[in-house]
Each structure stands twice: as C-alpha cells, then as structure tokens.
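This report takes up a few local features of one protein model. Look at the sequence and the structure first, then read on.

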Amino acid sequence: MNGRRESDRRAVPKKSPNKGRPAGRRAEAMEGKSLAKGKARGQSRHRTQGRERLNHALARIRQATRQKPGVRLTALWHHVYSVDTLREAYYRLNRKAIAGVDGETWATYKARLEANLRDLSDRLKRGAYRAPPVVRTYIPKGDGRQRPLGIPTLEDKIVQRAAVMVLNEVYEEVFLGFSYGFRPERNQHNALDALYMGLQARKINWVYDADIQGFFDAIDHEWLVKFIEHRIGDKRVIRHVKKWLKAGVLEDEQWREMDEGTPQGGSISPLLANIYLHYALDNWVKWWRKRHAKGDMIIVRYADDVVAGFQYKPEAQRFHEALQTRLARFALKLHPTKTRLIEFGRFADRDRNGRGKGKPETFDFLGFTHICSQDRHGRYTIRRQTIAKRMRAKLRAIYAELRSRQHWRIPAVGRWLGQVVRGHCQYYGVPGNFAMLKAFRQAVLRLWQLAIRRRSQRSRATWSRIYRLADRWIPHVHIMHPYPSARLRV
C-alpha cells in the first residue's frame with residue numbers, strides 16, 4: 001500500500017515554483033516544452049535588468065553635474081565600457097545601416113552579442129581599443145552639392161553611442177535653451193515653434209539669418225579638446241575623443257588623416273559639434289545679449305544654422321560684426337552669401353511700402369520659408385511653407401525612383417508612394433502649409449501617371465484611373481502639427 005502510494009507520487013510531475021518566471025515560461029517549463037522561436041533564454045532579462053542599472057547610473061551622473069556645476073567630472077569612462085551601456089547603445093543603432101570597413105552588420109554582430117559586448121568592454125577597460133578609419137561617401141544636398149558622410153564600423157558606432165549616452169547627462173545640464181540641434185527630446189519642430197513664438201510675441205523688426213560656412217569640416221581639434229576638458233576631467237574620455245578625431249577617413253581605398261573637422265555620420269559628431277558651438281558661440285551670445293542688447297532680441301540655433309531677431313537695426317549690425325570677430329578666433333567664418341540681415345516683423349510690410357520697397361523679404365530655416373503675412377482677421381502672423389526648391393528636388397528624386405520601379409506591380413508602387421506622402425506630411429504638415437502639401441500630393445500623382453504611361457504605349461493611365469489608385473494607396477494630406485502657441489510659449 002505504501003509502495004503504491006510512493007510510486008503514484010513519483011508519477012505526478014512536480015509543480016515548478018511560480019515566482020521569478022514570466023507566465024509564458026512557467027507554462028512552457030511545466031509542459032516540458034522548449035522555448036518558442038525568438039525567445040532566447042535570458043536575452044530580454046539581460047536587457048531589462050541592464051537598462052534599469054543604466055538608468056540609475058545616468059541619473060547619478062546628471063545629479064552630480066547639477067550639484068557641482070563648476071567641478072570637472074573625473075570618473076565617467078567606466079560607465080561607457082559597462083556592458084549594460086554597450087548593450088543599450090547596440091539596440092539604439094540603425095539595424096539596416098551600411099557596414100564599415102570591417103563588414104560587420106547589426107545582424108551578424110547579434111549572433112554572439114553578449115560575448116562580443118564582453119570582449120569590447122574588456123578592450124575599452126584595458127585601453128586596447130583602436131578607433132578604425134571611417135569610410136567616406138557622399139550624399140546629395142538640397143542645393144545640388146554633395147555632403148561628405150562617414151561610415152564607422154559597427155563596434156565604433158556602439159562605443160560612440162555609449163559615450164554620447166553618458167556625456168549627454170553632463171552636457172544637458174550645461175547647454176543653453178536656444179540650442180536645439182541633436183539633443184535628447186528636442187527636434188526641428190521645437191526650434192521652429194520657438195522661432196515662430198519669438199517673432200510673434202516679441203518686438204522683432206529685423207531678422208539676422210546666419211550660416212557658418214563648412215562648419216563640420218572646420219572644427220579645430222585643439223580648441224575642441226580644450227572645450228571638453230573644461231567640464232570633463234576623465235583622461236580616458238579625452239583620449240578616446242582624440243582617437244576618433246585622428247582615426248582618418250578611407251576614400252577610394254586611400255587613407256587620409258583629418259587635421260580638422262569631424263566626420264559626419266558618427267554618433268559622437270553631433271555632440272562634439274554642439275560642445276564646440278556652446279563655448280564658441282552660445283555662451284558668448286548669452287553674454288552679448290545681456291551686455292549690449294537694449295531692445296528685444298531672440299535667437300534660435302539648430303546645429304550650424306542660426307537665426308536671431310532684433311528690435312533695432314543698429315544692434316543687429318553690431319551683432320554681425322562682433323560675431324564675425326568671435327567666430328574667427330575659433331577658426332570659423334560666416335557664409336558670405338547665406339548670411340544676411342532682412343527687415344522682417346509686425347511692421348515690416350507697412351514700413352517697406354512707405355519707402356516703396358514692396359513686400360518684406362523672406363528667409364529659410366529647417367526646410368520652411370518664413371513669410372510675413374496676415375490671418376483671416378487681418379492680424380499679423382508668420383506663414384511657414386515648404387521651401388519650393390527643396391520640394392522640386394524631392395519630386396525629381398521621386399520620379400527617378402519611379403523609373404527604377406517601372407516594372408513593379410501597381411500595389412507595390414502605391415504602397416511605397418503612400419509612405420513617401422505620409423512621411424512628407426509628418427514633417428511639413430504645419431499650420432498654414434496645407435496648400436503646399438496638397439500641391440506635393442498632386443505632383444506625386446502626376447509623376448505616377450507619367451511612370452505608368454511609360455510602361456506601355458497602350459497604357460490607359462487616365463486621371464480618373466490615377467485618382468482611383470490614389471484613393472486606395474495614397475493618403476490625403478492634412479495638418480499634423482498643432483499651432484506653436486498651443487505647444488510652446490516663449
């Protein structure tokens with residue numbers, strides 16, 4: 001009797017404890033099943049626990065920066081080479097990015113992710129990491145020129161991204177409010193809204209549109225290192241920044257050293273650019289405005305694009321002369337044709353008409369042409385519309401892509417065009433720009449009609465058919481962003 005009960009107890013499977021396991025994995029363990037495909041054991045746990053530890057570490061860095069604003073931080077590099085930081089940096093990378101000189105991609109690196117990260121962490125800890133050169137390529141700019149772009153190796157992207165995550169906690173407590181480019185939780189539309197509200201709410205009669213000529217290629221390495229050392233006392237951070245600056249570029253299989261500038265394309269380059277301009281420009285502008293500006297003055301900077309507004313023209317002229325002198329000290333200069341001072345503001349239309357000079361001039365900023373206008377009640381407002389030259393360039397690129405997809409099936413092309421129009425609206429869909437959005441969609445339909453007609457001489461690509469296809473695949477345009485007054489007030 002006792003033997004039978006003992007065998008019965010052995011036959012019953014022992015129930016596993018519920019604590020410490022997700023519900024899905026408890027059930028799989030109970031039934032003797034292997035984990036489902038894609039559920040690598042411990043992978044999500046490593047990332048979740050590592051992210052919690054990383055958030056605590058970053059919070060401590062920011063707290064130390066806030067509590068000791070004048071003290072140089074001397075213990076930061078161990079946060080960079082932490083496996084938790086490197087893992088989070090890896091998952092923040094673009095998974096479809098082109099490989100660098102080593103040929104490593106995001107997917108191939110993931111095959112042995114934890115082992116690769118531990119090895120990378122060990123090399124960074126021992127000082128054995130070497131920054132490889134970046135591959136130089138070129139992408140077209142909106143004005144027809146070519147923009148140089150550097151492609152780092154995957155491990156270099158990981159280390160740079162990890163360094164940016166740590167250094168951002170320091171410099172986000174240092175950077176000024178009118179700087180918007182390449183900063184966490186800030187984007188182009190934040191800068192556009194700040195500029196709009198400044199021009200709308202302040203007594204601005206003159207707009208100074210400044211452009212720093214070839215900024216990313218003109219950064220002086222010695223000055224940059226001095227600027228970083230002003231706040232960072234960890235020599236290992238400084239040493240690795242120097243490695244990235246001196247890594248050089250590989251173009252047409254020829255290595256070339258870089259004596260100045262930072263290669264665009266790396267994760268660290270935007271942060272280094274912001275640090276350089278913070279000390280070379282932003283702090284000085286803050287001082288100049290407090291010391292010399294008698295009337296209202298506003299300023300918005302996004303990377304190397306600077307727009308300032310002034311109440312009085314003489315102050316704007318003095319600012320221009322002083323800015324030229326200031327930038328020359330740090331090996332920078334203003335673009336001679338893109339930098340200009342224009343009459344712009346609430347009374348610009350009236351004053352220019354009184355002098356017989358016609359309508360106020362316009363200026364471009366972050367893809368939009370800014371125009372002095374009136375609302376339906378006759379009150380002063382600023383109208384922002386898509387830069388016509390950029391829209392034409394975008395349409396030319398779309399037509400070239402349609403030609404390359406000429407033999408694709410209609411639904412595939414329609415889905416792709418729908419994504420293009422949707423993405424265009426997500427950026428350019430600001431209040432007052434509906435007419436340009438509608439014109440863009442209509443131009444896309446016209447290009448699609450031309451592409452379909454080229455498929456065959458007997459094609460029946462009438463407008464009625466194009467509109468039926470558009471109703472199915474291409475969304476109608478609409479405003480995506482709220483009015484700046486609803487989202488931001490200066």
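In this predicted model, Thr-85 is in contact with Leu-54, His-79, Val-80, Ala-162, Met-165 and Val-166, leaving aside its neighbours within four places in sequence. Thr-85 belongs to helix H5, which covers residues 83–91. Is Thr-85 buried or exposed? Its relative accessible area is 2%, and a residue counts as buried under 20%, so Thr-85 is buried.

Next comes a pair of helices. Two packed helices are described by the angle between their axes and the distance between the axes. For H18 and H19, the axes come within 10 Å and cross at roughly 120°. That angle makes H18 oblique to H19. The crossing of H18 past H19 is right-handed. On the H18 side, the residues that meet H19 include Arg-441, Leu-445 and Trp-448; on the H19 side, Trp-463, Ile-466 and Trp-473 are among them. By type, the residues of this contact divide into nine nonpolar, two polar and three charged.

The last topic is a sheet. Strands of a sheet pair through backbone hydrogen bonds, either parallel or antiparallel. Here three strands form an open sheet in the order E9-E10-E11, with antiparallel pairing. E9 and E11 stand at the edges, each with a single partner strand, so one side of each has no neighbour in the sheet. On average, neighbouring strands of this sheet are turned by 40° against each other, direction ignored.

| Strand | Residues |
|---|---|
| E9 | 363–365 |
| E10 | 368–374 |
| E11 | 380–386 |

How many bridges join E10 to E11? Seven bridges join these antiparallel strands. Gln-374 has Tyr-380 in E11 as its bridge partner.

Note on methods
Residues are numbered from 1 along each chain as its sequence is written. This is a predicted model: local features need pLDDT of at least 70, side-chain atom pairs count only at pLDDT 80 or more; totals for chains, interfaces and linings use all residues. Side-chain values use heavy atoms; hydrogens and water are left out. Axes are lines fitted to C-alpha atoms, for helices over the stretch in contact, and angles run from 0 to 180 degrees between N-to-C directions. Helices (H or I, at least four residues) and strands (E, at least two) are DSSP runs, numbered from the N terminus. Angles under 35 degrees count as roughly parallel, over 145 as roughly antiparallel, 65 to 115 as roughly perpendicular and the rest as oblique. A crossing is left-handed if the near helix is turned anticlockwise from the far one by less than a right angle, and right-handed if clockwise. Contact means heavy atoms within 4.5 Å. Ala, Val, Leu, Ile, Met, Phe, Trp, Tyr, Cys and Pro count as nonpolar, Asp, Glu, Lys and Arg as charged, and the others, Gly among them, as polar. Buried means under 20% relative accessible area, exposed over 50%, partly exposed in between (1.4 Å probe, protein chains only). Two strands pair if DSSP finds at least two bridges between them.
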